[in-house]
Amino acid sequence: MTTTTSTPPAPSAVAEAPTFREKANALATRTAAYAKAIRLFSADVPKTLATVDDLKQLIRASGSVGANYLEADEAMSKRDFIKCMKICRKEARECMFWLRQLDPALPEELKDECRKLGNEAYALLRIFTASIGTATENI
């Protein structure tokens with residue numbers, strides 16, 4: 001008596017690439033998560049004369065990254081999209097600046113988180129730069 005077992009079909013070797021809308025939603029989620037992470041980090045930073053104003057600027061810039069990305073996602077034209085993405089890039093760069101300003105005033109236990117947030121700002125900056133380049137080529 002022999003039993004036959006059926007083998008399930010092999011999964012596709014090539015995964016489907018995410019759609020434009022999926023990428024846009026993922027980036028909107030990522031920019032919102034970044035602004036939230038900045039706010040959580042800011043709550044832990046010791047408040048001194050030097051850090052209070054820097055934190056305010058950092059919080060504003062991090063929120064602007066996400067807000068301007070939402071504007072870019074709803075752009076009326078490619079030129080409008082490029083303008084909004086350039087603002088996103090500028091605000092991400094500003095986040096990097098304020099994090100660098102804060103770093104010397106941070107206790108050792110917050111320095112690693114500060115570097116991670118700076119790295120995320122840089123990663124977002126690179127995404128925005130690539131999007132600007134692609135959009136500019138396609139005008």
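**View 1. Overall make-up of the protein.** Buried residues make up 32% of the 139 residues in the protein; buried means under 20% relative accessible area, exposed over 50%, and partly exposed in between, with a 1.4 Å probe and protein chains only. Helices (H or I, at least four residues) and strands (E, at least two) are DSSP runs, numbered from the N terminus. Of the contacts with a separation of 6 or more, 75% are between residues 24 or more positions apart; contact means heavy atoms within 4.5 Å. The model is predicted: local features need pLDDT of at least 70, side-chain atom pairs count only at pLDDT 80 or more, and totals for chains, interfaces and linings use all residues. Residues are numbered from 1 along each chain as its sequence is written, and side-chain values use heavy atoms, with hydrogens and water left out.

View 2. Helix H4 covers residues 108-137. At 1.5 Å a residue, its 30 residues should span 44 Å, and its end C-alpha atoms are 44 Å apart, which agrees. The expected span is 1.5 Å times one less than the number of residues. The buried residues of H4 include Leu110, Cys114, Leu117, Ala121, Leu124, Phe128 and Ile132. Lys111 and Gly118 are also among them. The buried residues of H4 pack against helix H1 (20-44), helix H2 (49-73) and helix H3 (78-102).

**View 3. The largest nonpolar core.** This core has 33 residues. A nonpolar core is a set of buried Ala, Val, Leu, Ile, Met, Phe, Trp, Tyr and Cys residues joined through side-chain atoms within 4.5 Å. Tyr34, Phe41, Leu58, Tyr69, Leu99 and Phe128 have the most contacts inside the core. H1, H2, H3 and H4 each give two or more residues to the core. H3 supplies the largest share, ten residues. Not counting residues up to four places away in sequence, Tyr34 touches Ser62, Cys95, Leu99, Leu117, Glu120, Ala121 and Leu124.

**View 4. The largest pocket.** About 440 Å³ of space lies in this pocket. On a 1 Å grid over the protein atoms alone, a pocket is an open set of points where a 1.4 Å probe fits, with protein on both sides within 12 Å along at least five of seven lines; lining residues have an atom within 4 Å of a point. Of the 18 lining residues, Phe20, Tyr69, Phe81, Met85 and Ser131 are the closest to the pocket centre. H1, H2, H3 and H4 each give two or more residues to the lining. The lining divides into eleven nonpolar, three polar and four charged residues.

**View 5. Asn68 in helix H2.** Asn68 lies in H2. Asn68 is buried, with a relative accessible area of 16%. Leaving aside neighbours within four places in sequence, Asn68 is in contact with Cys84, Ile87, Cys88 and Glu91.

View 6. Ala33 is in helix H1. At 44% relative accessibility, Ala33 counts as partly exposed. Arg79 lies in helix H3. Arg79 is exposed, with a relative accessible area of 60%. Arg79 and Ile139 are 60 residues apart along the chain, and their C-alpha atoms are separated by 7.9 Å.

Technical notes
Grid points are joined across faces, edges and corners, and a volume is the space filled by probe spheres set on the points. Ala, Val, Leu, Ile, Met, Phe, Trp, Tyr, Cys and Pro count as nonpolar, Asp, Glu, Lys and Arg as charged, and the others, Gly among them, as polar.
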